[in-house]
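Welcome! Please take a moment to look over the sequence and the 3D view before reading on.

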Amino acid sequence: MTDPEAYERGFARLSAHTVGPLLDRAGVPTGPAERRAGVRVLDAGCGSGVVTAGALARGARVTAFDADAAMAGLAARRHPEAEVVVAALPSLPFRDGTFDAVAGNFIINHAPDTAAALLELRRVARPGAGVALTWWEPSEMTATGVIAAAVEAAGHPFAFPPRPLAAADPGRFATLMRRAGFTGVAVDTLRWRHPFDPDAWLADVVAAGGPRFGPIAAQPAAVQARIRAAYHHLAAPYILDGFPVTAHLAHATTP
């Protein structure tokens, strides 16, 4: 990421919608303090730390990692109670069976090797731990779909990188989890409306500097103007009710 704080203003707020269900499905407890005390949670691909914040609020001991050093640094500053490290799937610096729960909010869709990433998450989870992972449903990701469509309308001045997730289909992903050795695998589908300010959303997505939309900032001024005009036209129908967004939440247990 080029600007982690822009990511926090944009994508992090979008992804925060799934934090509660994700932690529930990972088995991070709520309720009496004695029930919550000492639970070790791994926030996989923490970004700016929205899952870390949710787990800390439940009284968990949180370890978090992100592949981006600037993003990990932001999470560490936001949440000094957590241990935050720079690391990337499928090679994590943790011992076997370290964590009571593993939660990955929109990280598995960035892992270059889905199967290897799942094996690594299983390795660091203790027997009986809950593991929960979310990823976007590409066909119903309006929040970024309008920007991609605007780039195409402007003449597609740059190529989008391929999506690394090998199993966007829930059934296929569940099969990968079973092959990795998880038990009790199930996938929920979550839908919500994301409120947004049209100018701020586009600006923060571009400023965050990810591989899909960061290149917009490098385009000539005239191209950027065409993209903005197309984006505002495409986003206008969603301003009142927010972007419709869909994500999948896979959850399972380590044997």
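This report walks through strands, cores, charged pairs and a few backbone details.

## About the model

This is a predicted model, in which local features need pLDDT of at least 70 and side-chain atom pairs count only at pLDDT 80 or more, while totals for chains, interfaces and linings use all residues. Residues are numbered from 1 along each chain as its sequence is written, and side-chain values use heavy atoms, with hydrogens and water left out.

Helices (H or I, at least four residues) and strands (E, at least two) are DSSP runs, numbered from the N terminus.

Two strands count as paired if DSSP finds at least two bridges between them. Strand 5 (residues 125–141) pairs with strand 7 in the antiparallel sense over eight bridges, and tryptophan 135 stands opposite histidine 248 of strand 7. Strand 6 and strand 7 also run antiparallel, joined by ten bridges. Tryptophan 192 has valine 245 in strand 7 as its bridge partner.

## Arginine 193 in strand 6

Arginine 193 is found in strand 6, residues 183–194. With a relative accessible area of 44%, arginine 193 is partly exposed. Which residues does arginine 193 touch, not counting residues up to four places away in sequence? They are His17, Tyr238, Asp241, Gly242, Phe243 and Pro244, where a contact means heavy atoms within 4.5 Å.

The side chain of arginine 193 also reaches the backbone oxygen of glycine 242 at 2.8 Å. From C-alpha to C-alpha, arginine 193 is 9.9 Å from threonine 142, although 51 residues separate them in sequence.

## Two nonpolar cores

A nonpolar core is a set of buried Ala, Val, Leu, Ile, Met, Phe, Trp, Tyr and Cys residues joined through side-chain atoms within 4.5 Å. The largest one has 52 residues, and those with the most contacts inside it are Leu14, Ile147, Trp201 and Tyr231. Helix 8 (residues 142–153) gives the largest share of this core, six residues. A second, separate core has 30 residues, including Ala111, Val131, Leu133 and Val185.

Leaving aside neighbours within four places in sequence, tryptophan 201 is in contact with several residues, among them Leu14, Ile147, His194, Tyr231 and Phe243.

## Salt bridges

A salt bridge is a side-chain nitrogen of Lys or Arg within 4 Å of a carboxyl oxygen of Asp or Glu. By this rule the count comes to eight. One of these joins aspartate 188 and arginine 25 (2.8 Å, N to O). This pair links distant parts of the chain, with aspartate 188 in strand 6 and arginine 25 in helix 3 (residues 19–26), 163 residues apart. Arginine 25 is partly exposed, at 42% relative accessible area.

Asp96, Glu120 and Arg123 form a network of salt bridges. Arginine 123 meets aspartate 96 at 2.6 Å, N to O. Arginine 123 lies in helix 7 (residues 114–124) and aspartate 96 in the loop between strand 3 (83–86) and strand 4 (99–105), so the pair ties together parts that are 27 residues apart in sequence. Arginine 123 also meets glutamate 120 at 2.9 Å, N to O. Aspartate 96 is exposed at 56%, arginine 123 is partly exposed at 26%, and glutamate 120 is buried at 11%.

## A buried aspartate

Where does aspartate 43 sit? Its place is in strand 1, residues 40–44. Aspartate 43 is buried yet has no salt bridge, and the nearest side chain of opposite charge, arginine 58, is 12 Å away. In this count Lys and Arg are positive and Asp and Glu negative, while His and the chain ends are not counted.

The side chains of aspartate 43 and threonine 52 are joined by a polar contact of 2.7 Å. A polar contact is a pair of N or O atoms within 3.5 Å; within protein, one must be able to donate a hydrogen and the other to accept it, and residues adjacent in sequence count only if both atoms are side-chain atoms.

## Backbone details

The peptide bond from leucine 89 to proline 90 is cis, with omega near 10°. Proline 90 lies in the loop between strand 3 and strand 4. Phenylalanine 106 is not a glycine, although its phi is positive at about 60°.

Terms used. Buried < 20%, exposed > 50% of the residue type's maximum accessible area, 1.4 Å probe, protein only.
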